[in-house]
Amino acid sequence: MQVKIADSWKNILQPEFEKPYFDSLSEFIKTEYKQYACYPKGSEIFAAFDYCSFDNLKVVIIGQDPYHGPNQANGLCFSVHDGISHPPSLINIFKELSGDLNVPYPQSGNLEKWAKQGVLLLNATLTVRANEAGSHQKKGWETFTDAVIQQISKEKMHVVFLLWGGFAKQKMKLIDLKKHCVLTTGHPSPLSANRGYWFGNKHFSKTNKMLENMSKSLIEW
């Protein structure tokens with residue numbers, strides 16, 4: 001796997017690229033992409049870092065796995081390419097966004113515009129085999145993305161972490177709660193949302209209120 005990562009992240013993450021686990025992960029990913037259809041495409045594996053520079057980072061949203069259907073995953077958690085039908089979790093995210101901020105439901109499911117404003121849309125596992133959810137878990141990606149979270153916690157101040165669902169909440173132990181803000185709620189998937197664990201969390205307005213209190217520019221959600 002050819003690691004091409006944005007310049008602003010290189011110094012922060014270079015030590016991880018030089019560790020034995022990352023060599024093993026790279027070999028695994030290269031083999032998978034040769035033998036199977038995998039997502040996202042190779043040039044988008046590190047898209048979360050390409051669109052959100054380390055210097056500009058203000059908010060972190062943590063997902064679990066990329067979408068495993070054709071043409072969906074674009075390297076940003078919960079996001080899909082323009083023109084692709086919105087998956088159920090993204091529909092619920094946009095419904096909450098619309099109700100929270102009293103704005104129209106977004107037409108495009110591409111969250112690049114969030115990322116460019118300083119929202120790191122980080123999946124815990126950055127790749128997946130087509131139609132096989134979780135197929136690239138426990139191969140090294142989680143070690144890498146946990147290190148990303150720890151480095152953000154260590155090197156930055158006053159970042160807002162949005163932890164949606166049980167899996168994301170487990171990452172709280174990696175965050176220095178004296179330096180950063182954390183908002184938690186249920187996962188936006190229908191299973192969780194339909195049980196009352198998602199809607200009404202108002203994370204979008206709460207995040208902007210926190211950013212305002214820290215004299216940071218707000219996110220245009």
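**View 1. A salt bridge joins K209 and E212 in this predicted model.** The closest N and O atoms of the pair are 3.5 Å apart. Both residues belong to helix α9 (residues 203-213). They sit three residues apart, about one turn of the helix. K209 is partly exposed, at 47% relative accessibility. E212 is partly exposed too, at 46%.

**View 2. E32 and R129 meet through their side chains in a salt bridge.** The N to O distance is 2.9 Å.

**View 3. K171 pairs with D146 in a salt bridge.** Here the closest N and O atoms are 2.7 Å apart. K171 comes from the loop between α7 (165-169) and β6, whereas D146 comes from helix α6 (residues 141-155). The two are 25 residues apart, and their pair links distant parts of the chain. K171 has a relative accessible area of 7%, so it counts as buried, the cut-off being under 20%. D146, at 21%, is partly exposed. The model's salt bridges number eight.

**View 4. Four strands make an open, parallel sheet.** Their order is β3-β2-β5-β6. β3 (119-123) and β6 (181-185) are the edge strands, each pairing on one side only. Neighbouring strands are turned by 20 degrees against each other on average, direction ignored.

**View 5. β5 and β6 run parallel as a pair.** Five bridges connect β6 with β5 (residues 160-164). At one of them, L162 has L183 of β6 as its partner.

Conventions: Residues numbered from 1 in each chain as written. Predicted model: local features only at pLDDT ≥ 70, side-chain atom pairs only at ≥ 80, totals over all residues. Heavy atoms only, no water. Pairing = 2+ DSSP bridges. Axes fitted to C-alpha atoms, helices over the stretch in contact; angles between N-to-C directions. Salt bridge = Lys/Arg side-chain N within 4 Å of Asp/Glu carboxyl O. Buried < 20%, exposed > 50% of the residue type's maximum accessible area, 1.4 Å probe, protein only.
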